[in-house]
Every structure is written in C-alpha cells, then in structure tokens.
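Dear colleague,

I am passing on the structure below, together with some notes on what came out of going through it. Please read the notes with the coordinates open beside them.

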Amino acid sequence: MTHHPYGPDELDRADPELDGVAHALERYATDAEGPPPSDLNSRIQAAIGREPDPAFGWWAALLAGPRAWRPAGRLVAMAAVVAVAAVGAVALAGIVQSVRPSVGTSSPPSPLISPSETPIASPSPTPTVSPSPTVTPTLGPTVAPTPDAATAVPTPSDDDDDETPEPSESDNSGPGGGGGDDDSSGPGGGGDDGSGG
Amino acid sequence: MLPATWHDGGVDDHALVDAARGGDRDAFGRIVERESAAVYRTCLRILGRSHDAEDVTQESFVAAYRAIGTYRGEGSVRAWLLRIAQRQAYRRLDQRRPTAELDAVGEARLADPTGDPTSIVAVNEERGEIRRAVAALPEPYREVVSLRFFGELSLFEVAEVTGRPLGTVKTHLRRGLERLRPIVAGNEADR
C-alpha cells in the first residue's frame with residue numbers, strides 16, 4: 001500500500017497510457033514490499049556507533065562534496081567577479097592615467113620623467129637592501145640612522161650575520177610574528193584534541 | 001536545545017536532526033527507528049534482493065549520519081534519507097555482477113516454496129524488467145520515478161528534496177513514464 005497513490009492529475013495532462021505505466025509501477029512497488037529483518041535497526045545503530053562524530057558547518061560542506069558547495073560556490077563566484085571588476089577598474093584607471101599625459105602637450109612629459117627619476121634613484125638600492133632592512137630596523141631604532149639607510153646599506157649587509165641572534169629577541173617583542181605562531185599553535189592543538197575526542 | 005526533551009516522543013524530525021547534529025546519537029537512533037523500514041523498502045524495490053537492500057540501507061544511514069551537517073531542512077528527513085538511499089542503491093546496482101538476477105529468482109522461490117516455479121520465474125522476470133527499465137532511465141528521470149514510486153513520496157516532496165520546481169518534476173515524471181511505456185506495456189500485454 002502506497003502512502004501517496006498515483007493520480008492522473010500528477011502529469012497535468014490526460015494520458016491513459018502513462019497512467020497505466022504509473023499504475024504498473026505502483027503494483028510493482030506493492031509486490032516488492034517486504035518487512036525489514038528484525039535486527040536491521042541494531043545493525044545500523046552498531047554501524048553508526050563506529051562512526052566518529054559528524055562534521056558540521058563548512059567542514060561538513062567540504063566533506064559532502066561539490067553538490068553541497070553550490071551556495072558557497074555562488075558566493076565565492078560573486079566575490080571573484082567583484083574582485084576582478086575592481087582590479088580591472090584600477091588597472092584601467094592606471095592605464096588611462098599613464099596614457100593621458102603622453103597624449104597631451106609638452107608640459108605633461110615632465111611629470112612622467114620626474115616620477116621615474118625618483119624611483120630609479122632610491123628603488124635600485126632598496127631592492128638589494130630590502131632583505132636586510134627587515135633585520136636592520138631592529139637595530140636601527142637604537143642607533144637611529146634610518147634616514148641614511150641608503151648610504152648605510154652596504155655595511156649593514158656585513159653586519160647581518162652578527163645581528164642574527166638579536167632580531168630573534170626583538171621579534172618576540174616587536175613584530176609579533178613569533179608570538180602569532182605561538183598563539184596559533186595553541187588553538188590548533190586544542191582543535192586536534194577536540195576532533196580526537 | 002532539545003536533547004533532554006525529544007525522548008518524550010512527539011518531536012518532529014527536524015528537532016531530532018538538530019539533536020543529532022549536537023552529537024546526540026540516540027536522536028539519530030530514533031530517526032533510524034522511524035525511517036529504516038521506508039529506506040529498506042525503497043532499496044529492495046531498486047535492488048530486488050533483500051540482503052543487498054539490507055546492506056544499502058545500512059550504508060545509507062551511515063552516509064546520512066556523516067552528512068547530517070549538510071541537511072538544511074529542505075523537505076522531510078524521510079525524503080532526504082530516501083534520496084541518499086536511492087543513490088546508494090543505484091551505485092550498488094552498477095557494481096553488481098550480471099548474473100545476480102539469477103540469485104533474485106532463487107530468492108523468490110525461497111520466499112514462496114509452494115508456488116508454481118514457472119509462474120514464480122515469470123513474475124520475477126517481469127519485476128526484473130521493471131527494475132532494470134527504471135534503472136536504465138537517464139537522470140533526472142530515474143531519480144524522480146524512483147522517489148515517486150519506489151520511495152512513495154508525493155511529487156511535492158520530490159520537488160522539495162531535489163530543489164526543483166514542481167512543474168519541472170512533473171515534466172520529469174512524464175518523460176520518465178514515457179520512456180518506460182514500451183517495457184511496461186509489453187508486460188501488460190503478456191498478462
């Protein structure tokens with residue numbers, strides 16, 4: 001006996017032949033009915049008992065597979081479109097700005113050159129120096145020669161090796177990189193405990 | 001939270017799911033008690049063999065338990081479980097060796113040892129044809145036909161659990177039945 005007997009209105013169209021097919025399927029369903037074995041529930045319960053606690057939230061969605069990602073996927077896709085649009089707009093604005101002076105008269109080229117000169121002078125030392133400044137600033141505040149960093153660059157590179165022990169101390173107090181790692185390792189360990197239990 | 005109260009009975013499925021999500025395995029056990037017969041029936045109609053249906057019923061509940069965090073309350077818990085179960089059953093059917101139908105014949109004979117062997121074989125063959133015909137339907141027709149007739153869900157429930165509009169589900173049902181017409185009509189003519 002079916003919970004929802006088939007009715008011809010289900011197809012929104014009168015078709016006695018299809019009704020016959022539906023009734024044949026209903027007959028098959030009735031004939032193929034059988035009671036489940038008495039121990040089926042206990043077997044299922046035992047199988048569930050062997051399972052770890054189910055996952056929830058985004059982790060559950062991740063485990064559930066791509067079909068469950070649909071709502072999150074839409075959001076990510078929308079965010080990606082917005083991000084691409086924003087980047088495109090910024091890039092377009094940059095292109096427009098760079099093209100506009102070159103199209104103009106003789107006065108615009110001068111701003112073009114002047115910005116290029118300043119980067120040439122300062123950036124060329126800084127890229128080579130850039131690894132060392134991350135270390136030197138820790139010393140720098142005590143000595144305070146930071147304004148002359150460009151001139152002081154060659155010598156600190158030699159001092160780097162000597163100063164490596166000191167940044168480790170200043171790292172703990174200053175940037176917080178080491179502290180952050182410590183903090184993140186704490187909750188991570190807790191999470192592991194939670195999942196394990 | 002409901003874990004302390006649902007044991008009194010009369011709690012709806014969504015409350016049980018919420019409790020199960022909160023780690024209450026007894027709540028999920030209650031869902032198993034309520035729905036295992038319906039899941040087993042659906043699996044039996046798809047697979048045709050009781051021991052396969054038992055295995056797949058168990059696998060379906062385990063899969064549902066693992067994925068309970070993804071149940072969003074769209075449709076009834078039964079419909080959600082039956083959708084999982086019918087997928088698992090068809091997966092099992094795909095993996096089954098081709099000679100398995102012979103086992104089903106033997107099983108029917110065991111179920112009714114007093115019956116005429118010839119008629120048992122004929123009836124079994126007819127059932128097998130319907131089963132195979134439904135299994136051979138392309139998606140989404142197979143899903144809709146299976147949930148509607150083997151899972152005994154209403155079309156509204158099928159629409160809810162599949163997330164498709166009711167009109168689309170009706171169309172899928174009609175196209176599925178049209179594809180089944182030659183096989184079923186042939187069986188009806190043989191009667």
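The notes below take the conventions first, then each chain, and then the contact between the chains.

This is a predicted model, in which local features need pLDDT of at least 70 and side-chain atom pairs count only at pLDDT 80 or more, while totals for chains, interfaces and linings use all residues. Residues are numbered from 1 along each chain as its sequence is written, and chains are lettered from A and ligands numbered from 1 in the order in which they are written.

Chain A calls for some care, and its confidence comes first. Its average pLDDT (the predictor's confidence in each residue, from 0 to 100) is 60, and 39% of the residues score at least 70.

In secondary structure, chain A has 11 helices and 0 strands; helices (H or I, at least four residues) and strands (E, at least two) are DSSP runs, numbered from the N terminus. Of its 197 residues, 7% count as buried, a residue being buried if 20 or more other C-beta atoms lie within 10 Å of its own, exposed if 12 or fewer, and partly exposed in between, with C-beta atoms placed from the backbone.

H1(A) can be described in more detail. Its 16 residues should span 22 Å at 1.5 Å a residue, and its end C-alpha atoms are 22 Å apart, which agrees; the expected span is 1.5 Å times one less than the number of residues. The buried residues of H1(A) are A:Leu18, A:Val21, A:Ala22, A:Ala24, A:Leu25, A:Tyr28 and A:Ala29. Seen down the helix axis, these buried residues fall within an arc of 155°, so they line one face of H1(A), the arc being that of the directions from the helix axis to the C-beta atoms. The face turned away from that buried side carries the exposed residues A:Pro16 and A:Thr30.

Chain B has 9 helices and 0 strands, and buried residues make up 44% of its 191 residues. Helix H2 (residues 25-47) of chain B spans only 29 Å between its end C-alpha atoms, whereas a straight helix of 23 residues would span 33 Å. H2(B) bends by about 50° at B:Glu35, the bend being the angle between axes fitted to the seven residues ending there and the seven starting there. Since 17 of its 23 residues are buried, H2(B) is largely enclosed by the rest of the structure, and it is followed by B:Gly48, whose phi is positive, near 80°.

As for the contact between the chains, 41 residues of chain A are in contact with 43 residues of chain B. Helix H1 (16-31), helix H2 (40-49) and helix H3 (57-64) of chain A each supply at least two residues of the side that touches chain B, and H1(A) gives the most, with 11 residues.

With best regards

How values were computed
Contact = placed C-beta atoms within 7 Å.
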